[in-house]
Each structure stands twice: as C-alpha cells, then as structure tokens.
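Please walk me through this structure, one part at a time.

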Amino acid sequence: MALKIGELAPDFTLTSHLERPVRLSDYRGKQNVVLVFFPLAWTPV
Amino acid sequence: MQTQVLGLSVDSKPCLIAWAKQLGGITYPLLSDFFPHGQVAQQYGVLRADGTAERAIFVVDKTGRIRYVDVHDIKQQPDNDLLFQVLAELEPGGARAATVAPAPVPTADVVLYCTPWCPDCKAAKAYLDSRGIAYVEVNLATDRAAAQRVREWTGGREVTPTFNIRGKIIVDFDRAKLNQALGIA
C-alpha cells in the first residue's frame, strides 16, 4: 500500500454516472469523504 | 454526520448508469475510473493485476487527509458498524461515541499493531518468526480502540507496524531498536 494513514489523499477529478465531474478537493473544508472502490459492476451492458 | 460517499470503479460511464438504475436510484455519485484505465485506483494502490479495483474503503477527513483504510476480500462485505465508528471519530469528541465494543488490551510481552495489507507488517512478522519470538498481533482496521492507542504513541498517525515490547513503544519496523528492546543481537 503506497498510501499511509495521515497522508494527504491524492486528488482526482472523475465523471460520475450523473454526468457531473467530481473533484475530491472540492470537499476539503466541508465534508468528510468515504471513497468506496468497487471491482467491476457486472452489468449486462 | 457530514459525510459524502463516492463510489469508484474502473467501469465506463454507460456501464455505471446501467448499474445505478439496476440498484434502483443510488444516492451517491458513482465515479468512472475508466480513462486512463484505473488511474485513481492505481494512485490509491488498489488496482489489481487483472485491471479491476480491490474492494477498498478510504476515509478522507475535512482536511483532505486519509484517516482510515480498509482493503478487504472481494467476497467479503465491509463492516458498516466499524465504518460508522471511524466516521464518529472524525467528529469533535467523537472517539467517545463508540458503537463497537473495544477489544481487551493485550498483555503479551510482544504486541504488534498491524493492518492486513501493510507490507512492513508482513516483513516484521516474518522477522519475529525467524527469530523464534512469540507475539500477539492486533489489527488496527478492526480494533479502533487499539488504533487510538497507536495514535497517542505516534502523535496522531496510525503507523504500522508499531510494537509494544513490555511497555516500550517502537514505531515502524526499526530492526536495530527492535533488537535492543528484545535483547537480541
């Protein structure tokens, strides 16, 4: 694991399923964030 | 509790939209870590060799710092009570609002505070094994009272491995300090 507890979380901007870009650092000073990584979603698509 | 949940997977966007619909209207954004493939998963060290992400949870506090990491088996579901406990710890005075009963403090001569995914912990355990030294292992990911003790010893960081050898605290896998505390060469 490259990251350690207490370190700054690497920032990123990704597009959500709601067609909206989401940037991690936008939550800074406002909210705690829980990042949940999933394996593939396994849909019929 | 002021918390935003963000789901991430290496799926393309159309795939996530289909999945969100299938789940019946999901209440948090699902983010597509698709192009460049798995870039964020890689940054967070959870991209697997087969190109998918591990099932992993990172809690990032309001200052942007990582406060909790849990990487778990692909078949295993995360422990919600534990996650709520971690989030409660982030609130002022929240550490007292324990929802999970604390495990008893181990009294063995050598206690090793670890997480299951920490490479230095594996190395430290292999070293102790090779020297024939018995130890008790405590998992910081599930024992949050233990994590609190480690934070007190280290000045706020959950460094793994941290050792408690008959009351002497050694932070990180420092072979020289460890040998000295154990009285071995």
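Predicted model: local features only at pLDDT ≥ 70, side-chain atom pairs only at ≥ 80, totals over all residues.

Residues are numbered from 1 along each chain as its sequence is written, while chains are lettered from A and ligands numbered from 1 in the order in which they are written.

Chain A has three strands and zero helices, giving the pattern β-β-β along its sequence. Helices (H or I, at least four residues) and strands (E, at least two) are DSSP runs, numbered from the N terminus. Chain A has 45 residues, and 31% of them count as buried. A residue is buried if 20 or more other C-beta atoms lie within 10 Å of its own, exposed if 12 or fewer, and partly exposed in between, with C-beta atoms placed from the backbone.

How many residues of chain B are in contact with chain A? There are 56 of them, and they meet 34 residues of chain A. Contact here means that the C-beta atoms of two residues, placed from the backbone, lie within 7 Å. On chain B, the elements that each supply at least two residues of the touching side are strand S1 (3–9), helix H1 (13–22), strand S2 (30–32), helix H2 (39–43), strand S3 (55–60), strand S4 (66–72) and helix H3 (80–90). H1(B) gives the largest share, nine residues. Sorted by class, this side of chain B has 32 nonpolar, 13 polar and 11 charged residues. In that count Ala, Val, Leu, Ile, Met, Phe, Trp, Tyr, Cys and Pro are nonpolar, Asp, Glu, Lys and Arg are charged, and the others, Gly among them, are polar.

The two chains are also joined by strand pairing. Strand S3 (residues 32–37) of chain A runs antiparallel to S3(B), with five bridges between them. Two strands pair if DSSP finds at least two bridges between them. Val34(A) has Val59(B) as its bridge partner in S3(B).

Leaving aside neighbours within four places in sequence, Ala53(B) is in contact with residues of both chains, including Phe37(A), Phe38(A), Pro39(A), Leu8(B), Ala41(B) and Arg48(B).

Arg48(B) lies in the loop between H2 and S3 of chain B. Arg48(B) is partly exposed, with 13 other C-beta atoms within 10 Å. Its C-alpha atom is separated by 9.4 Å from that of Gly38(B), 10 residues apart along the chain.

Further along chain B, four strands form an open sheet in the order S6-S5-S7-S8, with mixed pairing. Strand S6 (136–139) and strand S8 (168–171) stand at the edges with a single partner strand each, so one side of each has no neighbour in the sheet. Within this sheet, strand S5 (residues 110–114) and strand S7 (residues 162–165) of chain B pair in the antiparallel sense over four bridges. Tyr113(B) has Thr162(B) as its bridge partner in S7(B).

Helix H4 (residues 119–130) of chain B has 12 residues, which should span 16 Å at 1.5 Å a residue; the end C-alpha atoms are 17 Å apart, which agrees. The expected span is 1.5 Å times one less than the number of residues in the helix. Just after H4(B), Gly132(B) takes a positive phi of about 70°.

Thr160(B) and Pro161(B) are joined by a cis peptide bond, with omega about -5°, and Pro161(B) is placed in the loop between helix H5 (144–154) and S7. Arg166(B), in the loop between S7 and S8, has a positive phi of about 50° although it is not a glycine. With 10 C-beta neighbours inside 10 Å, Arg166(B) counts as exposed. Asp172(B), in the loop between S8 and helix H6 (175–182), also has a positive phi, near 80°. Asp172(B) is partly exposed, with 14 other C-beta atoms within 10 Å.
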